[in-house]
Each structure stands twice: as C-alpha cells, then as structure tokens.
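Keep the sequence and the 3D view open while you read.

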Amino acid sequence: MFVRNAWYVACTSDEVAERPLGRRICGEALVLFRDGAGRVAAMEDFCPHRGAPLSMGKVSGGRLVCGYHGLEMGADGRTAAMPCQRVHAFPAIRAYPVLERHGFIWIWPGDPARADAALMPVLPWGDNPAWAYGGGMFHVGCDYRLMIDNLMDLTHETYVHADSIGQKEIDESPPRTTLEGEHVVTARHMQDVPAPPFWRAALRGAGLADDVPVDRWQVCRFSLPSHVMIEVGVAHAGLGGIGAPDERKASSIVVDFLTPESETSMWYFWGMARRFRPEDAALTETIRAGQQRIFSEDLAMLEAQQRNLAAQPARRLLKLNIDAGGVQSRRLIDRAIAEEAALTTQT
Amino acid sequence: MFVRNAWYVACTSDEVAERPLGRRICGEALVLFRDGAGRVAAMEDFCPHRGAPLSMGKVSGGRLVCGYHGLEMGADGRTAAMPCQRVHAFPAIRAYPVLERHGFIWIWPGDPARADAALMPVLPWGDNPAWAYGGGMFHVGCDYRLMIDNLMDLTHETYVHADSIGQKEIDESPPRTTLEGEHVVTARHMQDVPAPPFWRAALRGAGLADDVPVDRWQVCRFSLPSHVMIEVGVAHAGLGGIGAPDERKASSIVVDFLTPESETSMWYFWGMARRFRPEDAALTETIRAGQQRIFSEDLAMLEAQQRNLAAQPARRLLKLNIDAGGVQSRRLIDRAIAEEAALTTQT
Amino acid sequence: MFVRNAWYVACTSDEVAERPLGRRICGEALVLFRDGAGRVAAMEDFCPHRGAPLSMGKVSGGRLVCGYHGLEMGADGRTAAMPCQRVHAFPAIRAYPVLERHGFIWIWPGDPARADAALMPVLPWGDNPAWAYGGGMFHVGCDYRLMIDNLMDLTHETYVHADSIGQKEIDESPPRTTLEGEHVVTARHMQDVPAPPFWRAALRGAGLADDVPVDRWQVCRFSLPSHVMIEVGVAHAGLGGIGAPDERKASSIVVDFLTPESETSMWYFWGMARRFRPEDAALTETIRAGQQRIFSEDLAMLEAQQRNLAAQPARRLLKLNIDAGGVQSRRLIDRAIAEEAALTTQT
C-alpha cells in the first residue's frame, strides 16, 4: 500500500535526455520524456494502439513516437498523430502530474486534481551555491518501509557499517523520537567520542583536526510520503555539538528519497548535501563514492530481511525504543493511506 | 488456446539426427527421434517407467532407449523392451502424427484420426531447384498471435527496421485486407519509391540497377494454424510491379512458421525463398544473415509488448485498418478452436 | 511431506567455523553456529527484533550477534543481550536439537522432547582408523524421494554411469528386496563378470589383479528418515563374493545422507568409506574425485525427472521389481509421517 497523493522522485534529471525512460513506480509502469522545449512529461508506458511500451520509442518533434507502428503521443496522454490515421477518437492514456526541481523529476501518482507544487519538499541546498550535493540511486528488492525503518534507526551503523560510520557509542546513546506536525524526528547526540573513519575524513575535508574527541549528532526527519533527511555531523568536543559554529564542525544532510517500485521493491535515491567547501568538486566525488560504498552495505541485509518476512508474514516484530522512528513514520503512512481511501469513497 | 488439428513445424530436419530432440509444442513436452531407417517419430517426452524425459536417452537399434533405466520405446509409443522385464502390459505413451517434408519435421498435436498429409501447406520452393531457401529459428517469449499481428501489419518495418527494409512510404500506403477462403491476405503496393538498403542489395544480387525508383509490394498471406507467407519484392518503376517480368524484378517469399510453445512463448521458424540465382549459395547466406539481423529486431519489442499486455489483461487494443490482417487471422483461429471444441463435445 | 522426528545431516563439521551458516532444511530456514567452546547450536534464522537472518551476523563471546542491530542470541534461542535494552521479555525463537558426530552436524526438525542421540545412525567407520572416508555435497533440485529411488535401484548405473561403474550385467541380474525391521535392503550379486573401470582402479588400489573376472555385489540399505548405505565391491571370481576374505576383494560403503531442503529440492551428502589402505590420503582423494564425477551425472537426470513429474502430477508411474527398494522405502516414510501426525493429534 502506498500513499498516492504525494510527490515521489521518479528519476534524476539526467536520466531523461534525448531518449525516453521507462520506470515502474507504485506498481504502475510509466514513461518519462522531454518535449521539444525540454519540458518533462510522464504517462503510462502503454501505447493505446497495440500495447507496446512507449519507452521503447523515440522523441521526435516534441512528441513521443511509438517504436512499433509510429503512433505519436503528446505530453497530455492524447494521441497527436499517426500516419494515415484519424486519431481524435483514440483513447487517451493516463498522464501524471510531473515537476522538475533540484535535479530530480518528481511525479504525483494520485489524483491529478490534488497535485500541488506547494506540497513539494523544500530542499535548502537546491540551486543554492552555498551548498554542494552529490548522490546516486540503487534498486533495492524490499518493501520501501523497511528502508524507512533502516534510516530512522541508525543503531544499525554500528553493525552494518562497522568500519566507516559505525561506532559503539551509537548503541550506547538512546535516541529520542518526537512527532513534529507532519514529521517524525529521531535525534541522537553523542558527547566526547572518537570520530569514526568517515568523519575523520570529513573533518580533514573541512580543514579541522581529526584526532581529537568530538561531539556527534544524527537527527533523522521523516516526511510523507517516504522522504528521510538526516542532519549528521561532528564538532570538536565541548563546542555545542550541532549548535557549534560552522567553522568548528563538519556537518551534512543525508538525503534519502524512497520511491516504491512494487510492494516488495523500491528505487533508492540517496545523496549528501553539505555547506563546507561547496566549490570542491573532488571532495563531492570523494564523499559520494564513500557514501555509495557505505549505503550498498545495507542492500544485502534489507533484501534478506524482506525474504525472511515474506516467508513468515504472520510473525510479529519487536518495537523497541530504537524502532520508534520507523513505527511513527509507518503510522503517518497508514493514516495518509486511510485518508486517501476515505476521499475515494466520498467521490 | 491453440488450434490442434493442424500441422505445425516442430523443428528443422537437421535438428534430429543421431540424438533425440526434446521440444515443448502447444504446451506439451515432446521428443522427436529417427528410427534405424531414418524415419522420424514424435511422442510424449515422458518415460512410462519413472517419468524421465526420453529426450535424455539415445537411439539404439531403431528404438529410443531411456537414459535412466534402459526402457526401449518404439515409434508407436509402446514399450518394445526393457532388460529383465515383460513389457507387454506397460502403458503406452501418446504418439503424435509426424511428417518430414521440405526440410522441416511437422507434427499434428490434435486428434490423430484427423491427421492428413493432404492438409500440409504446399510450398512451391520445396525440393524445386528453381528456388533457393535459407532460414533460421528463434525462441520468442510472446503469445504466437502477437507475431501474427506483427507479420500481417508491416507498417512496423518503418519503425522497427528503419535502417534495412523500413521506409516512410510504407506508412503512407494503406494496405488492403481480404479473406480468400481459408486465407487472410493483406496487400500493400507502393509506386515509384526509393528502394531501402535491403532491397538495393537484392537488386544488385539479381543483376539489376539499384539506384533507380522502384515499385515495391508486400502481400501477406495467413493460413491456419499460424503460417504467414509474404510475397515481397521490388521492380524498376513502371514495369508492372509484382506483375513485372522476372528478369526486371527482385522478389522473394518471406516464410514464417509460428509454433506455440506455451500460451506466452513460441518457436519462430523464419526464412526466405527466392527464384533468382538459386544456385548462388553465398547469396543465400548473405540474405539469411541479413534476415536474421532484421528479424531479431522484432524480438525485444514483442516480448515487451507481451509483458505489458500480461500486466493489463483487461485493456482493449485498437483495431485500425492496418490491423485488419491480424484481426481477421485471429478470427480464423478462434473459429477453428470453436469447431474443434464442438467436435470434442460430440464425441 | 517429511519425517520430522529424525536426525538429518545439516552440514559437514567444517561448514560451521568462525562464521554462522544459514541453511534451509525440511522447509525451515535455520542458522547453525558454534559457541565459544566450539559447541554447535541450531535455531531459526530469524532475529526476533526485526526479522533479519541471524546467519548474516557474527559470533562474539559465544553468542550469535545479529548483523543488523546487535541483538545477541544464545544457543537456546533466547536473547541474551542487546545494547541499551532489557531483553528478558523478548520472544524466544525456536532452537533445534543438534549433535555433531562423525564429521557431520545433525539436526532434529521435529519435537525436541523426542530427540534422542541413541536414534542416530551408527557409522562403523566413524572415528575408526581402520576406515577411511571421503565425500562431498550437492544441492539437487528434486524431491529427495527421487534420490531414494535412484539409490535403491542401481540398474541406472548401466545407463547414467555407462563409462565408470555401469555394465550390462547389472541389468541382467535381478535384485532382491527385503524388509529387515526398520530397514529396506535391496541386494544384487553378479558372478564371474568383467570389472568396469571404477572397480578395476579399486582392485589396483587394493593391490589386486584388475584383469580377471570378478564377483560383484551391491547391497543397498535404506534407513529412516532418508539415509542410504550401499555395500559395494568386487572379489576375484569364485572366492565367495561379498563373503571373500578382505585381502582378496575391494569393497566399500557408499554413504548417502539425503536432507530435504523443500518439497522439490534437497542437500545430497555423499561419500565412500573403505577398509583398504585407509592411511592412503591420495587414494581417498582419487576415489572422492571419481565419485564426485559419477554422482554429478545423476543430477541432470533427477532434476529433469522432477520437472516432468511436476508438470504431470496425476500420472502414475510403474512399480517394477527393480523399483521395489524405492517403493518399500517410501512406504516406511509414509508410515512414519502418519505416525507423527497421529502423535500431534493426540497432543
């Protein structure tokens, strides 16, 4: 079950260029393409003529031309032309509200009448030269909610990412979960701890000593439908931690956009936004490569967990204090799905 | 659903030599082998002893010997011998009527009492030195009826085969579909058009100028259960097109025998028969290689179309004038299946 | 359907060392690990916290530590500790009776209260320097009962293993099957026959002439739940066959422990125990390599048979005299399963 009246990341901007892109989102096969002016359109990946995937076609004259028999599809899901055919009575295919912003293409799988650009997440680093951003994408064979659990409970870093960002002090510092309006926030603050390897490198990257004790923080913030932004960082110990002045800390925002592909698989758009040395492209690439390596460590675990849970669907899991972030996030999702179902019933 | 009282191509003659061949046809697992005299037999690929596939055995003394425990199967589906066993009461397995003709082995999956060699398609190029034939076989993951649609609507050449046999004039020349007794015929004639690359090569192969305008034709003929023969060719423009004298045209018959493997997969036996320079084996191979490359372009599209349709089984497709050949062919198939069902009910 | 109140081989001793091992047995996902003292434990491969497979964790301090969030599982299936958590109320996971003996780790998938070490098969060569043992393991995609049939009817050697241990005299010597208490015994004795290649090599290995006629024997013994021990050997002809003095024969025991993975797949632990030149490790390896090659010839046949039977589940197979060993063994299995069902109903 998915929240549908929401903006999901469908792809990065560079995934849709001259050629269309086919991608399944929330169980639906979509095609994305750019018209002659570079504007993005999204619709069903299903030619109304004979059912061929439109994503196997090409773009010509601002229209998506089916690669099988040449039907020309417009951005609105209506057939614009076909050689030797009158097309005005052809059935339309479903078009999806779509927006391009901050390097991503976002689609709204739900009721188009409710699509509202104002509901897009606000990304402070988007189009702001004071920030740098690097990231990537994984396909993961698990229910996207297992990834929410993963990101809202970072105690797993100690075990899954033992040699990069994990450290035993994470385990020893209980997190605190609060509900802030439509957001779930799980925060953990560690005082006077050694910096693990990833953060020692980040301190050096920020021009700070890397061999002194630090205060470290992790503030995970879940937003509907399935976005998790995590403020992470270290400051030399005793300077206020997350409140320390910028020049005395290395901090970033871990960016996680989770887009369901099906009930048991997802697209994982991950990245990191930072405010230190934003002009340093080599540093951006170093961080991106490190993050790719670290985040890939989660995949085998999440896919194995998915298989285990699918084999024993009736089994109940524990909900400990460390799980509160995931539990609360799932409650927001369940409530939103129930509200959408109520809307549909009224109609 | 398949027509069963009909001859299907099971394999080419050279696929069954010393070793037996296992192949699934119309949903049934068959084994084909040659007895001591070279005669072909076809039967269930299921040893009546313990269910091992007989196709994993070997041929000895004109019998098919099971590779597991040595049961010796005769061409009639009855066990002929087994070491230290009395076999007369062993249950028979189903044997299929089989014919070898024109380089193919044909089987009749339906009622053996109705099998009739006179119902075999007549192939004018079979065993006729005035013709040359070359071809090959593909396994395709689609309902065989999607391939019928494909072959009875050649407008797809413009898009799928753009750089070999496609040209925009195909799209611009509406075809005409007629029912001729038990056959569906879809014909398209183009006047005074440039020859695309494949046909320029064929003109040169026939010793004709390749840089002048041509008349081009495509006459697709569907026959039950799922054979499509297509007369194709070009003649120098103004000489009568398909009616031009042999020495002023390059023409061929595209041969397509479609054999269902299952509801969603098929064996595709394709080839080309020609009457010009039949003795030129190098030309036969050049044409065969070109055809293999061109026909392989259809596979990805058909398999993607199959997946799309399977995901949305309730969706209705358009039936345009260009689709009339496929639509009429499917009607013949549906009628034949209904007639077979009626026969079964009477029995 | 499986007999559950029985000891099955889960793995060889060396498969569980520092790292835990995950393996599915009788349809259940298990993890095996060694505690600090080297003792083996087996339990569900399912962390009670969030369902991660415990087999992806590591062993620390004698406990199995989940690789996701650090839950520490004891050998009894009860959570021993977890950072910052009180674990006494955590639900236990199922622990399985387990024994390590003769180079194998054995588990009891049924009622733990009925697990009894005295029910373990007695292996005369286990820990006895007068014997040598070598073996290996295959994963096979078939119902384990098809492997029982295979091992209790060695006429297949003539066909499947024609160039190593097969010979036509096997076919020509009908076996005799008897029920000996809880065991099924199928015996075949051949007099004055040539030795096939594998046995000529064994004669040489035993220091005996390999170019004289031999008496050959095969005595297959099935025991619940699915163990098959086969006494095999050759003696120079006329010396009493299986009863000939040790120094005039080459004989061995083929060891087969079959462990179901699922209804349609199994773990096949195979090997050979011998009493001649037990100290000759090179000979052990030569025999093991030959046996691996020979036994791998069965896999393709059994997996193809499995697919054939799955496609035609209603089809009845023949039960010839040569099949009596398998038929009787299956009866013991069916009876044991019925008895277990009755026990469960009483409870």
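What joins β17(C) to β18(C), and through how many residues? A hairpin joins the two strands of chain C, through two residues.

## Ground rules

This is a predicted model, in which local features need pLDDT of at least 70, side-chain atom pairs count only at pLDDT 80 or more, and totals for chains, interfaces and linings use all residues. Residues are numbered from 1 along each chain as its sequence is written, while chains are lettered from A and ligands numbered from 1 in the order in which they are written.

## The strands around β18(C)

Start with strand β18 of chain C, residues 265-274. Strands here are DSSP runs of E with at least two residues, helices are runs of H or I with at least four, and both are numbered from the N terminus. β18(C) is mostly covered, with nine of its ten residues buried. Buried means that 20 or more other C-beta atoms lie within 10 Å of the residue's own; exposed means 12 or fewer, partly exposed in between, with C-beta atoms placed from the backbone.

β18(C) pairs with β17 (residues 249-262) of chain C through ten bridges, antiparallel. Two strands count as paired if DSSP finds at least two bridges between them. C:Ser262 has C:Ser265 as its bridge partner in β18(C). Strand β12 (residues 132-140) of chain C also runs antiparallel to β18(C), over nine bridges.

## An open sheet and its hairpin

Chain C also holds an open sheet of four strands, ordered β2-β3-β4-β9, with antiparallel pairing. β2 (21-25) and β9 (95-96) of chain C are at the edges with a single partner strand each, so one side of each has no neighbour in the sheet. Five bridges link β2(C) to β3 (residues 28-34) of chain C in the antiparallel sense. C:Leu21 has C:Leu32 as its bridge partner in β3(C).

Now look at chain A. Its β2 (residues 21-25) and β3 (residues 28-34) run antiparallel and share five bridges. A:Arg23 sits opposite A:Leu30 in β3(A). The hairpin of β2(A) and β3(A) has two residues between the strands, and A:Cys26 takes a positive phi near 50 degrees there.

## Chain A overall

Chain A has six helices and 18 strands. Its radius of gyration is 22 Å, close to the 20 Å that the globule rule gives for 347 residues, so chain A is as compact as a globular protein of that length. The radius is taken over C-alpha atoms, and the rule is 2.2 Å times the number of residues to the power 0.38. Along the principal axes, the C-alpha atoms fill a box of roughly 75 × 50 × 35 Å.

Of the 347 residues of chain A, 46% are buried. Among contacts in chain A with a separation of 6 or more, 58% are between residues 24 or more positions apart. A contact requires C-beta atoms, placed from the backbone, to lie within 7 Å.

## The nonpolar core

In soluble globular proteins, nonpolar side chains tend to be buried together. The largest nonpolar core here has 241 residues. Such a core is a set of buried Ala, Val, Leu, Ile, Met, Phe, Trp, Tyr and Cys residues joined through C-beta atoms within 7 Å.

B:Ala10 shows the pattern of contacts. Leaving aside neighbours within four places in sequence, its contacts include B:Arg23, B:Leu30, B:Trp106 and B:Thr259. C:Met147 belongs to helix α1(C), where it is among the buried residues. That helix, residues 144-152, is mostly covered: eight of its nine residues are buried.

## Interfaces and symmetry

Chain A meets chain C with 20 residues in contact with 17 of chain C. On the chain A side, α2 (157-160) and α5 (281-311) each supply at least two residues. α5(A) gives the most, with six. By class, this side has ten nonpolar, six polar and four charged residues. Asp, Glu, Lys and Arg count as charged; Ala, Val, Leu, Ile, Met, Phe, Trp, Tyr, Cys and Pro as nonpolar; the others, Gly among them, as polar.

Chain A superposes on chain C by a rotation of 120 degrees with 0.1 Å of shift along its axis (RMSD 0.1 Å). The two copies are therefore related as by a three-fold rotation axis. Superposition is by least squares on the C-alpha atoms of residues with pLDDT of at least 70 in both.

Definitions and conventions. Two residues are in contact if their C-beta atoms, placed from the backbone, lie within 7 Å.
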